[in-house]
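Please look over the sequence and the structure below before reading on.

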Amino acid sequence: MNKLTRFVRHQKRTRHAIYMTDRQIGRSVRKIALILLGFVVLHIAAMVWLEDMTPWQAFWLTLTTLTTVGYGDLSAQTVPGQLATILLIFGIGITLMTLLISDYVDFRIARRERIRSGHWNWNMAEHILIINTPKYNREEYFVRLVTQVRESRDYAETPIMLLSEDFRDGLPDSLRELGVVHVTGLASRPEDLQRANADRARHIVVLARDEYSSDSDSYTFDVAHRLWEMSLASKAIVEVVDDTNRGRIRDLDIRSLLRPIRSYPELVVRSMTAPGSEVVIEDMFTHSNDHTVRYPVWLEGERWADVVNSIVQANVGTPLAYVTRDGEVITHPDGDHHVHAQSLLILVHTEHVPETKEVHRAIENHFNFRLKDIER
């Protein structure tokens, strides 16, 4: 029964604290503190006058009595002095002290509850603000995204804030442990953007609400337009589902536009750490514009730099990696690395995919030219 009673009282106190604003609680604390101070001064004066104590002795007695410590080294000896203590401290002072502590507890409960529910006004700057949440597997996505952000030396300690209505019951422990905080709200409302300190953010990431539906681009455009109105478009990295909607969002001077690739949140991180690299990576995820082709090419120890030069100078493409005779893929080797390969992985233009014989001819022409030049 005692546990049930404590639980009910806690719930009542929590609801009471939540509906009180910080200003109301602060005003109440100041009012009670001033009244309590007045009675403390009165009791000190009474002890000096009625008990013939020094001001310090009266002050010491008042505090030990008010806090119910009661060392017993000093006490009121006369009846008038004892009556003053009963009235000013026992009857009023301890009651006011209890109310003061109660209001402080209310403040702590209110603060914790508002932080948990996303209604705390964070005084944050130079943070990464992420707007919206993925429709599916949001916790797993954010854990991977934040982990990737933390692996970057420049963002290892950068605060991260989520602005969304999807965490009304609080962030999962996995995100809180990574130092993520959140604000419950909609980025389409200017007041919510202000609560999220969007104007002081280092980066603003606008995720697509539904990565499989172009309808989410409408809300994305609204948010992007809000950011443009606030002169924050240059900080924004925006996901766009339908490529036909990119033009009107790009016209808002958005810094970077991405396709929502939920299995690869590192794309968002690259757009922050190395602006422009996300375009290259995104292009490799699609078959349009450029894509990677594997060509069978037998190499016997040629320098990687010479192999790359032979392909690039022939306008065939850009070698990205090679495949060893054992089938291992070696990406981005050093220029002086001697290549023993059975295949090359080359980034080529989709509108002109070279044939294998063109790749062979490019390599043969380059190395035959170098051989002749050496013989001279």
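The accessible surface of the protein chain comes to about 21,200 Å², and carbon and sulfur atoms account for 54% of that surface. Accessible areas come from the Shrake-Rupley method with a 1.4 Å probe, and for residues only the protein chains shown count as cover. The model is predicted: local features need pLDDT of at least 70, side-chain atom pairs count only at pLDDT 80 or more, and totals for chains, interfaces and linings use all residues. Residues are numbered from 1 along each chain as its sequence is written, and side-chain values use heavy atoms, with hydrogens and water left out.

Of the 376 residues of the protein chain, 43% are buried. Here buried means under 20% relative accessible area, exposed means over 50%, and partly exposed is in between (1.4 Å probe, protein chains only). The chain has 13 helices and 10 strands; these are DSSP runs numbered from the N terminus, helices being H or I of at least four residues and strands E of at least two. Among contacts between residues at least 6 apart in sequence, 66% join residues at least 24 apart, where contact means heavy atoms within 4.5 Å.

How are the strands arranged? Six strands form an open sheet with parallel pairing, in the order β3-β2-β1-β4-β5-β6; two strands pair if DSSP finds at least two bridges between them. β3 (180-184) and β6 (256-258) are the edge strands, and each has a single partner, so one side of each is left without a neighbour in the sheet. From one strand to the next the twist averages 20°, with axes taken as lines fitted to C-alpha atoms (for helices over the stretch in contact) and angles running from 0 to 180 degrees between N-to-C directions. Within this sheet, β1 (residues 128-131) and β4 (residues 203-206) pair in the parallel sense over four bridges, and Ile131 of the former stands opposite Val206 in β4.

Ile131 also belongs to the largest nonpolar core, which has 30 residues. A nonpolar core is a set of buried Ala, Val, Leu, Ile, Met, Phe, Trp, Tyr and Cys residues joined through side-chain atoms within 4.5 Å. Leu129, Ile131, Ile204 and Ile254 touch the most other members of the core. At least two residues each are supplied by β1, β2 (160-164), β3, β4, α8 and β5, and the largest share, four residues, comes from α8. Leaving out residues up to four places away in sequence, Ile254 touches Ala224, Ala233, Ala236, Val238 and Ile249. Another core, of 24 residues, lies apart from this one and includes Tyr141, Phe142, Tyr155 and Leu267.

Strand β8 (residues 318-324) pairs with β10 (residues 338-349) in the antiparallel sense over six bridges. Thr324 has Ala341 as its bridge partner in β10, while Pro319 is bridged to Ile346 of β10. β8 also pairs with β9, again in the antiparallel sense, over three bridges, and Ala321 has Thr331 as its bridge partner in β9. Is β8 enclosed or open? Five of its seven residues are buried, so β8 is largely enclosed by the rest of the structure. The hairpin of β8 and β9 has four residues between the strands, and Gly327 in this hairpin takes a positive phi near 90°.

Some loop residues remain. Asn315, in the loop between α12 and β8, has a positive phi of about 55° although it is not a glycine. Asn315 is exposed, with a relative accessible area of 68%. Asn137, in the loop between β1 and α5 (138-151), likewise has a positive phi, near 50°, and counts as exposed at 57% relative accessibility.

Ser234 lies in the loop between α8 (216-229) and β5 (236-239) and is exposed at 55% relative accessible area. Beyond its neighbours within four places in sequence, Ser234 contacts Asp253 and Arg255. The C-alpha atoms of Ser234 and Ser256 are separated by 8.5 Å, with the two residues 22 residues apart along the chain.
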